[in-house]
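Could you walk me through this model, one question at a time?

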Amino acid sequence: MKAAIIGSGLGGLLAANVLAKKGYKVEVFEKLPFAGGRFTNLTYKDFELTTGALHMIPHGKRGPLGKLLRDLGVKVEIVDSKPEGETLYNNNREILTKKVAPFKTLMKFYAKSLVYKVFGRDFYLSEFQKRIDEFSKKFLDAFLGWSLSITSSDILFSKFLKIYQQTMKFKGPGVPIGGCKAVIDRLIENLESYNGKIYLKRKAKAIIVKDGKVKEVFVKNDRTKYDVIVSNIGHNETQKLIGKDYLRTELVESSGIKYSIALNEPFIGHSGILFTLDTQRISGLNEVTNVDPNLAPDGKHLLMAHQPMLTSNVKYEISLGLKDLKEILKGYEYEILAIQSYTDGWPVNRVKAGMDVGIETPYNNLFVVGDGAKGDDIEVDGIALGIIRLGDII
Amino acid sequence: MVTDSCVGCAFCKIVCKEFAIDVLGRAEVDREKCVECKLCVIYCPLEAIRVVE
């Protein structure tokens, strides 16, 4: 049995490993000159910047991705963050605990959860957010902005509840030692141990359908037959390769901006997330060099900040983000290494959290994985849930 | 030449060995510093950079 994987992002490589383990002869096609998509490192001035992700796994080694990697025999060292997070509110830093919100707000949340569970009444999270205290309101914005690049009016309460439950169950983040690229490199090594192949600079030009099944992939000048095809490029782009639309709804992506900042001394001082509540745009920051100093040159630190894009004016969004950073980093000497925007066809998530349509397509041997077809969890842990589903089906 | 498909992901800036590209929402190439090695062209995920003669 032969499988083709289109795209070598985290989803594509995880799928490749799952299929190779099941005995498939796997071939991965990547259009870019490197593997890993938006989950790998690019070196700049000896700093390990990333193509997208924040050198962080939302639920650390306990979460879906950590477990999937272990099940696949992929050895990546993930160091769970301690503390998991902190808030910066009214210029005051405080460690995050389970009792992050005041008792009254938590009770309101439980009451709403009960109403949803018993009566099935669903509503946008913003409706709940309107009725809570100022701190919780701002924390919710920072949490959603950092982890999902969305606002509370983008997500249904039921979908948020699932993410909340995952977070309560698996807890906060972890940092892969070596950054995102360490995960990608280990996945490639593992795939190659099964004789799976990765072809770089090979763009899939078309998927050929016959009798309601996908049959062939057209790469370079060759058409090759496969039993299963897994696409890591999202449903929209996959439809384009087939030449026929199968989705009934339009998928909306999430957009955001990431700032990579060089520091001479640590600002956060630990490997958890600093959620920023006093800002106009920046949702949070992390400083992964506190756990893996090799991600920056000797004696330097790498601070990464993220903001969702709340308007479509990128330059305006960046101006607000930079203003926030200036305020947050007052008194610190810093250099902005890179500002990376993710939108329009190269987004934070190909599908906004809570709007995923799943990994299946009308063709029973074609699947879509990656951030265009996540399960109900944050970022790469959501991707892992999609892959676990793939393993269950095939 | 940077086309309208550029979203500003800055892969080009990061991989450019001449530090000839700056990105603020969109890539801008400094023609004085550019040596036309085309590294930015092959790294661009959206095929948004072209070399013009």
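The questions below go from the sheets to single residues and then to the interface.

This is a predicted model, in which local features need pLDDT of at least 70, side-chain atom pairs count only at pLDDT 80 or more, and totals for chains, interfaces and linings use all residues. Residues are numbered from 1 along each chain as its sequence is written, chains are lettered from A and ligands numbered from 1 in the order in which they are written, and side-chain values use heavy atoms, with hydrogens and water left out.

Q: What is the strand order of the open sheet of 7 strands in chain A?
A: Helices (H or I, at least four residues) and strands (E, at least two) are DSSP runs, numbered from the N terminus, and two strands pair if DSSP finds at least two bridges between them. The edge strands here are β7 (92–95) and β18 of chain A, each pairing on one side only. The pairing in this sheet is mixed, and the order in chain A is β7-β6-β15-β16-β17-β14-β18.

Q: Which residue is the bridge partner of A:F275 in β16(A)?
A: Strand β15 (residues 273–276) and strand β16 (residues 284–286) of chain A run antiparallel and are joined by 3 bridges. Within β16(A), A:F275 has as its bridge partner A:G284.

Q: What angle does α9(A) make with β14(A)?
A: Axes are lines fitted to C-alpha atoms, for helices over the stretch in contact, and angles run from 0 to 180 degrees between N-to-C directions. Contact means heavy atoms within 4.5 Å. Helix α5 (residues 134–148) of chain A lies across β6, β15, β16 and β17, at about 125° to β15(A). Helix α9(A) also packs on the sheet, touching strands including β14 (256–263) and β18 of chain A, and its direction relative to β14(A) is about 35°.

Q: Why is one side of β10 and of β12 in chain A left without a neighbour in the sheet?
A: The open sheet of 3 strands has the order β10-β11-β12 in chain A, with antiparallel pairing. Strands β10 (204–210) and β12 (222–225) of chain A stand at the edges, so one side of each has no neighbour in the sheet: each has a single partner strand.

Q: Which residue in β11(A) stands opposite A:I208?
A: Strand β11 (residues 213–219) pairs with β10(A) in the antiparallel sense, over 6 bridges. In that strand, the residue opposite A:I208 is A:E216.

Q: Is A:S81 buried or exposed?
A: Buried means under 20% relative accessible area, exposed over 50%, and partly exposed in between (1.4 Å probe, protein chains only). A:S81 is found in the loop between β5 (78–80) and β6 (85–89) of chain A, and its contacts beyond four places in sequence include A:M56, A:P173 and A:S271. Its relative accessibility is 5%, so A:S81 is buried.

Q: Where does A:E317 lie, and what is its relative accessible area?
A: A:E317 lies in helix α9 of chain A. Not counting residues up to four places away in sequence, A:E317 touches residues including A:Y259, A:R281 and A:Q307. A:E317 is buried, with a relative accessible area of 0%.

Q: What is the phi of A:D46, which is not a glycine?
A: A:D46 lies in the loop between β3 and β4 (47–50) of chain A. With a relative accessible area of 55%, A:D46 is exposed. Its phi is positive, at about 70°.

Q: What area is buried between chain A and chain B?
A: Buried area is the accessible area (1.4 Å probe) that two parts lose on being put together, summed over both. The contact takes 25 residues from chain A and 19 residues from chain B. Carbon and sulfur atoms give 69% of the buried area, which is about 1,900 Å².

Q: Which side chains meet in a salt bridge between chain A and chain B?
A: A salt bridge is a side-chain nitrogen of Lys or Arg within 4 Å of a carboxyl oxygen of Asp or Glu. The rule finds 1 salt bridge across this interface. At 3.2 Å, N to O, the side chains that meet are those of A:K203 and B:E47.
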